[in-house]
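Biologist: Walk me through this one, please. Keep it quick.

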Amino acid sequence: MFLKKNKHFYASLLILFFSSFFLNVNAQDTGASKDSLENKSYLELYSLIGRNWEDTNTAIRLSNYYLEKSKSNKDSFNIMEAYHFLSLLNYDQNIPKAIKYSDSTILTSINHRYVDSNYPYVPYMYRGDLHFNLRNFKESLKDYLSAQKYLNDNSNSITNQADFNHAIGLLKSRLGYYEESLVHFKKTIDFYLSQEEDKIDKGLYLMYLFALSDGYLRSDHRDSTSIINQIGISESIKGNLISYKGYFTLNEGINDFKKGNYNLVLDSLKTVIPFFKNEYDLANLAETYFYIGKSNLQIGNEDLAIDYFKKVDSIFIKTKDLHPTLRNTYEELISYYKSKRDNLSQLIYLNRILKFDSIIGDNYQYLNKKILREYDTAFLLEEKEKLIGKAEGNNNLKSRIIFLLILVLTSISILTFYFHLKRVQYKKRFNAILENKFPEKEKNQKKEKKKLTIPQNIVSDIRVKLENFERENHFLDRSISLNKLATIFGTNSNYLSKIINHHKDQNFSSYLNQLRIQYAIQKLKEDSQFRKYDIKSIAQEVGFNSAESFSKAFYKQTGIYPSYFIKKLDTTISSK
């Protein structure tokens, strides 16, 4: 349960003052043609986008023009701004598209080093929240940790630290580490309480206060939960932010359930159903239905409880997502239909709970273990098997399932062993690279080198020039080719190719890649800033045209991929 950040949250973090505070741009300009936009400055376009922020299609059209203008002027800062606008504007419409624009924002900001502003902190946090909303928690955590590197690089670092604590707290709460999440939520609230009253953003304060309430609730600190909820309701009314009242009312209703006040739960939670429906907040609507169902069950209204549990199920069918604590919905439905001897309905909800567990997957490793303790999945599979047997009369089903399970477990064991060997092998190769030892290339000992039929004075001259080429790092030039280098050396490509083959034991392409990879490795070892680059940027810095060609060349020479090397190198250096 959480209050979802929206595109306005990130706009406020970037201080996008889109009002007439900037310029008195006529509202009729909202439908301006491309021709009429050509004479507008960046600042005028900036303000025009802001005036149309709620009209998403118009704002997207204006932002695309903003991007086009910035690209034509090769203005990297405004290119970055335009990408971020487009990402924000796709937040509610198309999250995968928003993520792609966010990727471009981050890449531009890193390449051009805008660490004195809110870039790249904000787009990293923003993309982390996008992944969070898609329940891709691994990627979400990666982005939050990337954002953390830039916390102290700008004037808003204290505010950003509060936001960062909030994000990490939500992630830990979602994964079941409730007491740990409380530490982060308290730090966020402490920051806001330390600010002057007239400088506090009440909307953000209430969002963070709700997270603290939720942390206390899930950690079973009931009195603290009630205190925070009362403060939240009071501040919502006082600040004329009534929408927040619904969230604190929900939390207090759940708190009343834990206290056994079931009639109070029903009275309070029924009032927030219209609010969550109107906000299309299906996650918190599901929580509301669940606790109304549980309360009805406690006071003996079993059939009514089942109706509400079915409402929770309908949200799961629509979103493919529920908070892990709502898994009990299916246990109640299975138990109910078992008592009614309704085998078909039992089978439906057994399949649903198994689907629920499969979605939890890697994102909820901690919770998965807890679920396995509380409601054994093997038992569910056995129950499912029995029900299918009753429905279909298939006596051979059990043996087929056992065979498939054995096959799956065997495959998992083989894969686990394979990946273990890979990890050991990669670690050895990494340590060898640290010691400047590279895998020996296979050589045909029987085959003797052919004598060069090139005059010795030419060979000597080219070898000296090759040494200078290596020493001065000219190999970093992405445009270098065999023909171009031969021209620079004042010779022909045939001579140059043969000399490199003879004295370097490799063709020109391999020779060039070897120099670039060895340079990249040394720079990664010595330069902490260089390690923060993404693979594409590193590839371009050392002379490759793409991340793919760089990764292939790196693996061919070292036996490991650059992403693994950088991650392992960071871990090794930080542990010293």
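**Charges, cores and helices**

Biologist: Which residue forms a salt bridge with Asp220?

Modeller: Arg222 does, and the closest N and O atoms of that pair are 3.0 Å apart. A salt bridge here is a side-chain nitrogen of Lys or Arg within 4 Å of a carboxyl oxygen of Asp or Glu.

Biologist: What are the ground rules for the numbers?

Modeller: The model is predicted: local features need pLDDT of at least 70, side-chain atom pairs count only at pLDDT 80 or more, and totals for chains, interfaces and linings use all residues. Residues are numbered from 1 along each chain as its sequence is written, and side-chain values use heavy atoms, with hydrogens and water left out.

Biologist: Back to that pair. What is the relative accessibility of Asp220?

Modeller: Asp220 is at 38%, so it counts as partly exposed. Arg222 is partly exposed too, at 32%. The cut-offs: buried is under 20% relative accessible area, exposed is over 50%, and partly exposed is in between (1.4 Å probe, protein chains only).

Biologist: How many salt bridges does the structure hold?

Modeller: It holds 18. Lys504 pairs with Glu470, with the closest N and O atoms 3.1 Å apart. That pair links distant parts of the chain: Lys504 sits in helix α25 (residues 493–504) and Glu470 in helix α23 (residues 456–471), 34 residues apart. Helices (H or I, at least four residues) and strands (E, at least two) are DSSP runs, numbered from the N terminus.

Biologist: Which residue does Asp570 pair with?

Modeller: Arg531, with the closest N and O atoms 2.9 Å apart. This pair also links distant parts of the chain, from helix α30 (residues 562–574) for Asp570 to helix α27 (residues 528–531) for Arg531, 39 residues apart.

Biologist: Is Arg531 buried or exposed?

Modeller: Arg531 counts as buried because its relative accessibility is 11%. Asp570 is partly exposed, at 29%.

Biologist: Which residues are linked in a network of salt bridges?

Modeller: Asp103, Arg127 and Asp143 are.

Biologist: Zoom out. How many helices and strands does the protein have?

Modeller: It has 30 helices and zero strands. Buried residues make up 47% of its 576 residues.

Biologist: What share of contacts joins residues at least 24 apart?

Modeller: Take contacts between residues at least 6 apart in sequence: 64% of them join residues at least 24 apart. Contact means heavy atoms within 4.5 Å.

Biologist: Next, the largest nonpolar core. Which residues touch the most other members?

Modeller: Tyr121, Tyr144, Tyr192, Leu322 and Tyr330, out of 77 residues in that core. The largest share, eleven residues, comes from helix α11 (residues 202–218). A nonpolar core is a set of buried Ala, Val, Leu, Ile, Met, Phe, Trp, Tyr and Cys residues joined through side-chain atoms within 4.5 Å. Apart from this core lies another, of 37 residues, including Phe430, Leu485, Phe530 and Ile560.

Biologist: What does Tyr144 touch?

Modeller: Leaving out residues up to four places away in sequence, it touches Met125, Gly128, Asp129, Phe132, Phe164, Ala167, Ile168 and Leu171.

Biologist: Where does Ser173 lie?

Modeller: In helix α9 (residues 157–174). Ser173 is at 4% relative accessibility, so it counts as buried. With residues up to four places away in sequence not counted, Ser173 touches Tyr178, Ser181, Asp214 and Arg218.

Biologist: Now helix packing. At roughly what angle do the axes of α14 and α16 cross?

Modeller: Roughly 145°, and the axes of helix α14 (residues 262–269) and helix α16 (residues 282–298) come within 9 Å. Axes are lines fitted to C-alpha atoms, for helices over the stretch in contact, and angles run from 0 to 180 degrees between N-to-C directions.

Biologist: Which residues make the contact?

Modeller: Tyr262, Val265, Leu266 and Leu269 from α14 meet Thr288, Tyr291, Ile292, Ser295, Asn296 and Gln298 from α16.

Biologist: What span should helix α4 have?

Modeller: Its 17 residues (residues 56–72) should span 24 Å at 1.5 Å a residue, and the end C-alpha atoms are 24 Å apart, which agrees. The expected span is 1.5 Å times one less than the number of residues. Just after α4, Lys74 takes a positive phi of about 55°.

Biologist: Last one. How far apart are Asn431 and Lys568?

Modeller: They are 137 residues apart in sequence and 9.8 Å apart in space, C-alpha to C-alpha. Asn431 is in helix α22 (residues 397–434). Asn431 is partly exposed, with a relative accessible area of 33%.
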